[in-house]
Structure formats: structure tokens, C-alpha cells
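Welcome! Take a look at the model first, then try each task before reading on.

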Amino acid sequence: MQTVKVDLGERSYDIVIDAGILSGIGERMKEFRFSPKTAIVSNPTVFKLYGDAVMNSIRNAGFECFSVIIPDGEIYKNYNQTYQILTEFLKNKLDRNSCVIALGGGVIGDITGFAASIYMRGIHFIQVPTTLLSQVDSSVGGKTGVNHESGKNMIGTFYQPKLVWIDIDTLKTLPKRELLCGIAEIIKYGVIWDEELFESLEKNRDAILTLDADRLTHIIKRSCGIKAEVVSKDERESGLRAILNYGHTVGHAVETGTGYSKFLHGEAVAIGMHIEARLSEITGLMDTKQVSEIKALIDSYGLPSELPEGLNADNLIPHMMLDKKTEAGEMKFILPEKIGTVSIRKGINIEDITKALSKGR
Ligand SMILES: NC(=O)c1ccc[n+]([C@@H]2O[C@H](COP(=O)([O-])OP(=O)(O)OC[C@H]3O[C@@H](n4cnc5c(N)ncnc54)[C@H](O)[C@@H]3O)[C@@H](O)[C@H]2O)c1
């Protein structure tokens, strides 16, 4: 069993990673002295696969446990569903010392964390992430929230879980395309922070794609470790935490520009990482060879690295100007200097951005 600590003073917590640990969660929960009544929030897809294991474990540990199942999909990460979840919490009389468990991917984690953060001004919650993306990214760091029709993740809180419990065996049922979205985020950690992780993704690709337990545990642990370190230094994104947005300025524009229908989030981020690396090259920050290495790694996992037909500077830049990260009309980019090091840059001229979005087309 591997443990990564997220160091946030009295809000510190452990991320526990291993194969086959789902049914151990109840035992671990005992040490927190939560109220007996607990809830699992999940969706039908995940609950059918893993609901019994988690529910039985929690009940065997002496808790009373009920489930709240919301429909599967990003469109259900909204305020109405949050209200339904809160209604179930009230109906089942969760109290201020109760704990809720988010069992699922990032959608379930984000909405459950948000509901937990506002129910009775905040109750305990545990993340049991079941997608690779949620295991290495969304379950760690305490960003919770839901979408509004005017934008993604527009309503939310910073609210840390009590524990993140990662059973890598859950990845065996995850569709390959979803798995690759998690890989895109891990490539991101390699580029922004850790050349060794980047190389490990290159060297061990086949083992990773066939879900070799040791290799997977290594890259998940390292990714969580990087996120934990960054979040511990800058919990509320007043500076350093922004580096986690590498690939996301262009990535979000690609998602918006294609109506959220063509690419999954991780795929759009993969394209974004390549284009932002190209921007780095154009502005003289990174050499061509390293940009090619980033593109080659993205391509080798079968992730997209180029803009699709129809997307270009003309239609992407307006979306980038509306991005949450744009301040006073100035776009913010996370630009790699070399693999393992990035810097946060503003004031990049529009011609260079246009060039980065155009090269190769
Ligand atoms: N809070 C954060 O810091 C943060 C960071 C990144 C992303 N996010 C959010 O995360 C969400 C995306 O998360 P995601 O990529 O995990 O998507 P998701 O939660 O929609 O899950 C993807 C699909 O996989 C299914 N699934 C989940 N686990 C499974 C398993 N083990 N076996 C089979 N199917 C399984 C889900 O039911 C769903 O259909 C977005 O809403 C995004 O905004 C949040």
C-alpha cells in the first residue's frame, strides 16, 4: 500500500494507492470517528460495478450506509442535481459529523465534494476515484463544484476531503478512451515538474497500457505526489497552482470550439499541451527537439496532438480571451522551458499565439 500525504495543516489528508483495496475502506474509516450514518454518492455505471464492495465494507465496519445515485454524465454536474443530493442527505438525516463517499470519476467527485461542503456548512467527505483522471487529478486538491449554463465549474468551493482511496483495480473496467485522458494529465505532470516521470511514460508505455500494477502505481503515486506538493504550497491558486493548467488554455478553447462533443477533456488537453509547447518554441523558451519529444509521447499513446480541421486561431482566440485564466484581456499561458520545468507567462503577443495555432495546418 502506497501513501502520499497532502500537507495542509489541520486539513491534511492521505492519498492511499493500491490494487484491491476497495473492500478495506470501511476499516480505514473507523479511525476518523465519523457519525454512524454515511452516504455513498455514485452513478449507475460505477455503482453497479463497485457499489456493493464499498457499501458492504462500510456496513461491516459498523456504519449505516445509504446510496444516492445520480445519472451518469457531465451534464448532470449541475446545481439541480446538487439540490437532489442535499435533499437525500436531509431525508436520511446525515448529521454534522457524518461522512459522504464519492464513488466514481471526476464528475461524481466534484459534485459530491461540493454538496458535502455546503450541507450543514460542511460535513466530511472521502474520495474513491475510479477513473485514471480522477485518481491523478480531480480527487486531489480540494476543488469542488458544478457547471452553470454559462460556463464549466462556475459554482464551487475549495473543500478538502478527509481521505483519497485509490484502488487501481477499478481501472480494469474503464473504457480505453477514458484511461488515455488520465494519461494526458500524467504527461502534463511530467512536463511541468518531473522529467523522470516523463521518461517513465516513454519507457513503460506497453506495461502502462496493459495496466501493469507496479507501473500504474508508480505513475499514479508520482502524479498525486506532484499535485499534493503544488497544492500544499498554493491551495487557492494564487500563484504556483496555475502551472497545473498547462495545456488547458488551448485545451478549454478546443473543447468550447467543438461544442464539448468531439473531444474528451484529456484529449483536448493533449492537443493544448502540444500547441502550448509550440508557443514556447516560437517565443524562444524551449528547443524544437523537446517540443518534438512532447508531441511524440502524446502521439505514442494514441492521443490527439493537432487541431482538427475547422479549428484555427480565428475561432480559438476569442474563446481563449473568455477563459477564466485571462485577466484584463491578457491571456495567461503555462509554457514549458524544458521537460520538467515550466513558467507562467502573460503578455505573449497575438502573432506568436496565432503562429502556434497555425503551424502544421
Ligand atoms: N476538481 C478538480 O480539480 C478537477 C480536475 C480535473 C477535472 N475535473 C472534473 O472531472 C470531470 C471529468 O472526470 P472524469 O474524466 O473522471 O469523467 P467522468 O466522471 O465523467 O467519468 C467518465 C466515464 O467513466 C465512467 N466510469 C468511471 N469509473 C469507471 C470504471 N472504473 N469503470 C467503468 N466506467 C467508469 C463514468 O461513469 C463516466 O461515464 C469533469 O467534470 C472535470 O471538470 C475536476
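**Exercise 1.** Which residues are linked in a network of salt bridges?

Solution. This is a predicted model, and its network joins K5, D14, R28 and E31.

**Exercise 2.** Find the salt-bridge partner of K37, and decide whether each of the two residues is buried, partly exposed or exposed.

Solution. Start with the partner: K37 pairs with E64, and the closest N and O atoms are 3.6 Å apart. K37 belongs to strand β3 (residues 37-42) and E64 to strand β4 (residues 64-69), so the bridge ties together parts 27 residues apart in sequence. Now use the cut-offs: buried is under 20% relative accessible area, exposed is over 50%, and partly exposed lies in between. With 25% relative accessibility, K37 is partly exposed. E64, at 45%, is partly exposed.

**Exercise 3.** Which helices does the salt bridge between E267 and R177 tie together?

Solution. First, the contact: the closest N and O atoms of E267 and R177 are 2.7 Å apart. E267 lies in helix α11 (residues 265-282) and R177 in helix α6 (residues 176-193), so the pair ties together parts 90 residues apart in sequence. As for accessibility, E267 is buried at 9%, whereas R177 is partly exposed at 42%.

Conventions:
Residues are numbered from 1 along each chain as its sequence is written. This is a predicted model: local features need pLDDT of at least 70, side-chain atom pairs count only at pLDDT 80 or more; totals for chains, interfaces and linings use all residues. Side-chain values use heavy atoms; hydrogens and water are left out. A salt bridge is a side-chain nitrogen of Lys or Arg within 4 Å of a carboxyl oxygen of Asp or Glu. Helices (H or I, at least four residues) and strands (E, at least two) are DSSP runs, numbered from the N terminus. Buried means under 20% relative accessible area, exposed over 50%, partly exposed in between (1.4 Å probe, protein chains only).
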